[in-house]
Amino acid sequence: MKISRLATALGADITNVDLLTAADDTVDAVRAAAVEHSVVMVRDQKHLGLDGLEAFTRRLGTPIDTPFVKPMDDRPDVVQVVKEKGERALNFGGGWHTDLSYLMAPPSFTLLWAYDVPPYGGDTVWSNQTRAFETLSSGLQQCLLGLRAVHSAGRPYGTGGVYDITQKGRTMTILPSADAFAEQEHPVVSTHPDTARPILFLNSGYVTRFAGWAAHESQALLSQLYMHSQSEANTCRAHWTNGTLAIWDNRSTQHNAINDYPEFRRELFRTTVAGTPPVAYAG
Ligand code: SIN
């Protein structure tokens with residue numbers, strides 16, 4: 001197995017491995033690389049198929065479903081992420097977010113297997129939220145350590161939310177719901193369960209405010225922190241090829257699917273692995 005870094009902040013390509021037949025120690029090494037590099041692009045896995053994707057997901061942990069998105073008919077834990085050529089609706093995963101951070105226990109890993117991707121365009125960008133925290137001033141770090149944030153899926157997935165009002169012409173079936181407005185608090189700085197390092201556990205998709213603060217009071221500081229974590233120095237950008245399996249550490253990253261491929265179809269299949277409730281970083 002060969003691991004080549006994609007950028008200074010995070011990300012690695014993995015080649016020379018077959019995830020369908022991988023021995024346990026190889027699976028452990030891939031998992032460790034996903035934690036160390038925050039996202040790995042495992043190349044040349046076209047032969048996995050959906051059975052192989054599901055089987056490999058189970059080797060990383062317990063698969064969980066994705067609320068508010070219709071899964072595949074015969075595979076409740078798999079979401080078909082697809083945008084057809086010329087489709088004008090807002091793309092799924094467009095805009096910075098951390099998957100399902102509005103749950104009490106957000107996923108540990110997300111897997112995304114590329115089936116039919118554009119020759120250029122349609123890249124995904126990830127941020128390293130540990131590096132984002134560690135590169136803040138010590139004064140701001142101290143101030144953030146005592147804070148909690150409110151997460152909710154309401155803005156994108158609520159009735160009348162972003163995906164609801166942009167349904168027209170979308171191939172994927174999003175299921176807007178009043179339930180999406182439920183709120184979940186998490187520490188702003190969490191502890192990585194494997195490395196014990198701090199994570200700036202905030203994302204633009206689902207965080208609505210700091211707990212105990214009004215939304216308008218929270219906005220300026222949140223915007224400043226997003227600008228910092230999403231800056232070039234804290235991110236990497238990866239290009240997809242058919243058969244690439246991305247595995248990202250959802251606890252320590254945000255990501256954003258870039259919507260710049262109107263002339264191409266883009267189809268990938270996504271699974272998520274159960275995580276644990278974020279625990280505050282003690283400093
Ligand atoms: C997602 O956010 O799960 C989708 C990312 C992508 O399509 O690149």
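1. Let me start with a pair of residues at one end of the chain: Lys2 has Thr15 in β2 as its bridge partner. The contact belongs to an antiparallel pairing of β1 (residues 2-5) with β2 (residues 12-15), which extends over 4 bridges. Strands here are DSSP runs of E with at least two residues, helices are runs of H or I with at least four, and both are numbered from the N terminus. Two strands count as paired if DSSP finds at least two bridges between them.

2. A word on the source: this is a predicted model, in which local features need pLDDT of at least 70 and side-chain atom pairs count only at pLDDT 80 or more, while totals for chains, interfaces and linings use all residues. Residues are numbered from 1 along each chain as its sequence is written, and side-chain values use heavy atoms, with hydrogens and water left out.

3. Back to the hairpin: β1 and β2 are separated by 6 residues, and Gly11 in the turn has a positive phi of about 100°. On to the next partner, β2 is joined to β3 by 3 bridges, and these two strands run parallel. Ala12 stands opposite Val40 in β3. With helix α1 (residues 24-37) included, β2 and β3 make a right-handed β-α-β unit (right-handed: with the strands pointing away from the viewer, the path from the first strand over the helix to the second runs clockwise).

4. Two backbone angles deserve a look. Most residues other than glycine have a negative phi. Asp44, in the loop between β3 (39-42) and α2 (49-60), has a positive phi of about 60°. Ala196, in the loop between β10 (189-191) and β11 (198-200), has a positive phi of about 65°. Are these residues buried or exposed? Asp44 is exposed at a relative accessible area of 57%, and Ala196 is partly exposed at 48%. The cut-offs are under 20% for buried, over 50% for exposed and in between for partly exposed, with a 1.4 Å probe and protein chains only.

5. Strand β7 (residues 124-128) is linked to β15 by 5 bridges, and Thr124 stands opposite Ala257 in β15.

6. That last pair returns in a cavity: Thr124 and Ala257 are among the residues lining the largest one, and so are Trp248, His255 and Arg270. Its volume is about 110 Å³. β15 and β16 (266-273) each supply at least two lining residues. A cavity is a set of points on a 1 Å grid over the protein atoms alone where a 1.4 Å probe fits but cannot get out, and lining residues have an atom within 4 Å of a point. Points are joined across faces, edges and corners, and a volume is the space filled by probe spheres set on them.

7. How many cavities of 30 Å³ or more are there? The count is 3.

Terms used:
On a 1 Å grid over the protein atoms alone, a cavity is a set of points where a 1.4 Å probe fits but cannot get out, and a pocket is an open set with protein on both sides within 12 Å along at least five of seven lines; lining residues have an atom within 4 Å of a point.
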